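Here is a friendly briefing on a single model, arranged by topic. Have a look at the structure first, and then walk through the points below.

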Amino acid sequence: MRRKEGQMIELAEQFARAFLASDPSGHDWWHVHRVRNLALEIADREHADAYICELAALLHDVADVKLNASKQEGLDRVRDWLERVGEDPAVIEPVMEIIANMSYNGGSNAPMTTIEGQVVQDADRLDAIGAIGIARTFAFAGSRGHLIHEPGEHRSNTKTAIAHFHEKLLKLQELMNTGYAKELAANRHQFMEAFLQQFHAEWSEYREEDRTDDS
Ligand code: ADP
Ligand code: NI
């Protein structure tokens, strides 16, 4: 017999918790916890199917290519699990479609076709910006051995945390699918702008004086 939705959510949560545990690159369980809560909040405002959104949010990073040998292996891991616990194909298909199309991929993925996909993608992107996005970016950079920042004239080929803001994070506000996520993104975006402004101000604060002293 098919399990109740509440029971499935509990199982999905256990599965995601066990798989992600304490991943140090910003994909830990608490990221999933926040994305799930954001997804439910946006789903409510946008009249999307809450169950599909919650299940996809809970499982989305189990399939992340950074935590699997390949994108396909990650997707198979989620699908196998959904089949093993006896989920209905009418739920498995939309959930898998969301997870398969959700990642940023340099901004080149096709747009989400369902409102549920738009909601979960927005929730994931909201967690990449604002104060939490800043924290995750530096955690990720640290986990990869990247530098915090390299000023333009010294830039080598290495990626830095600050460069990631320009490559991706500052673009996310514009890419929000839903009206409510756009509202939530505005405040987080402003906070990142303020952070970067302060960061660069501190970085170059004493440069003038140093030069005068040296000469
Ligand atoms: P998505 O789930 O959309 O595919 P990612 O897995 O690429 O996003 O990113 C997860 C987290 O890691 C985000 O908070 C993101 O900002 C951060 N991150 C990804 N790539 C980098 C990078 N090169 N430098 C710093 N942070 C990064
Ligand atoms: Ni995520």
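Along its sequence, the chain of this predicted model reads α-α-α-α-α-α-α-α-α-α-α. That makes 11 helices and 0 strands, where helices (H or I, at least four residues) and strands (E, at least two) are DSSP runs numbered from the N terminus. The chain has 215 residues, and 42% of them count as buried; buried means under 20% relative accessible area, exposed over 50% and partly exposed in between, with a 1.4 Å probe and protein chains only.

A word on conventions: residues are numbered from 1 along each chain as its sequence is written, while chains are lettered from A and ligands numbered from 1 in the order in which they are written. Because the model is predicted, local features need pLDDT of at least 70 and side-chain atom pairs count only at pLDDT 80 or more, whereas totals for chains, interfaces and linings use all residues; side-chain values use heavy atoms, with hydrogens and water left out.

**The nonpolar core**

- In soluble globular proteins, nonpolar side chains tend to be buried together.
- Here the largest nonpolar core has 56 residues, and Leu 55, Leu 59 and Leu 82 have the most contacts inside it. A nonpolar core is a set of buried Ala, Val, Leu, Ile, Met, Phe, Trp, Tyr and Cys residues joined through side-chain atoms within 4.5 Å.
- At least two residues of this core come from each of H1, H2, helix H3 (50-59), helix H4 (71-84), helix H5 (89-101), H6, helix H8 (161-167) and helix H10 (179-203).
- H3 gives the most to this core, with 8 residues.

**Salt bridges**

- The count is 8 salt bridges, each being a side-chain nitrogen of Lys or Arg within 4 Å of a carboxyl oxygen of Asp or Glu.
- Glu 13 pairs with Arg 36 in one of them, with 2.7 Å between the closest N and O atoms.
- Another salt bridge joins the side chains of Arg 34 and Asp 127 at 2.6 Å, N to O. The pair links distant parts of the chain, 93 residues apart: Arg 34 is in helix H2, and Asp 127 is in the loop between helix H6 (115-126) and helix H7 (130-144).
- Arg 34 is partly exposed, at a relative accessible area of 22%, whereas Asp 127 is buried, at 1% relative accessibility.
- Lys 159 and Glu 167 also form a salt bridge, their closest N and O atoms being 3.5 Å apart. Glu 167 counts as partly exposed, with 38% relative accessibility.
- Glu 13, Arg 17, Arg 36 and Glu 54 belong to one network, joined by salt bridges that share partners.

**Around ligand 1**

- Ligand 1 is surrounded by 13 residues, and the closest are His 27, Lys 66, Phe 140, His 164 and Lys 168; a residue is near a molecule if one of its heavy atoms lies within 4 Å of it.
- By class, this shell has 3 nonpolar, 4 polar and 6 charged residues. Ala, Val, Leu, Ile, Met, Phe, Trp, Tyr, Cys and Pro count as nonpolar, Asp, Glu, Lys and Arg as charged, and the others, Gly among them, as polar.
- H7 supplies the largest share of the shell, 3 residues.
- An oxygen atom of ligand 1 lies 2.9 Å from a side-chain N or O atom of His 164.
- For Lys 168, a polar side-chain atom is 3.0 Å from an oxygen atom of ligand 1.
- For Asp 124, a side-chain N or O atom is 3.3 Å from an oxygen atom of ligand 1.
- On its own, ligand 1 has 550 Å² of accessible area, and the protein covers 89% of that. Accessible areas come from the Shrake-Rupley method with a 1.4 Å probe; for residues, only the protein chains shown count as cover.

**Individual residues**

- Glu 87 sits in the loop between H4 and H5 and is buried, at 6% relative accessibility.
- Gly 179 is in helix H10 and is partly exposed, with a relative accessible area of 43%. Gly 179 and Glu 46 are 133 residues apart in sequence and 8.2 Å apart in space, C-alpha to C-alpha.
- Asn 187 also has its place in helix H10 and counts as exposed, at 54% relative accessibility.

Conventions: A polar contact is a pair of N or O atoms within 3.5 Å; within protein, one must be able to donate a hydrogen and the other to accept it, and residues adjacent in sequence count only if both atoms are side-chain atoms.
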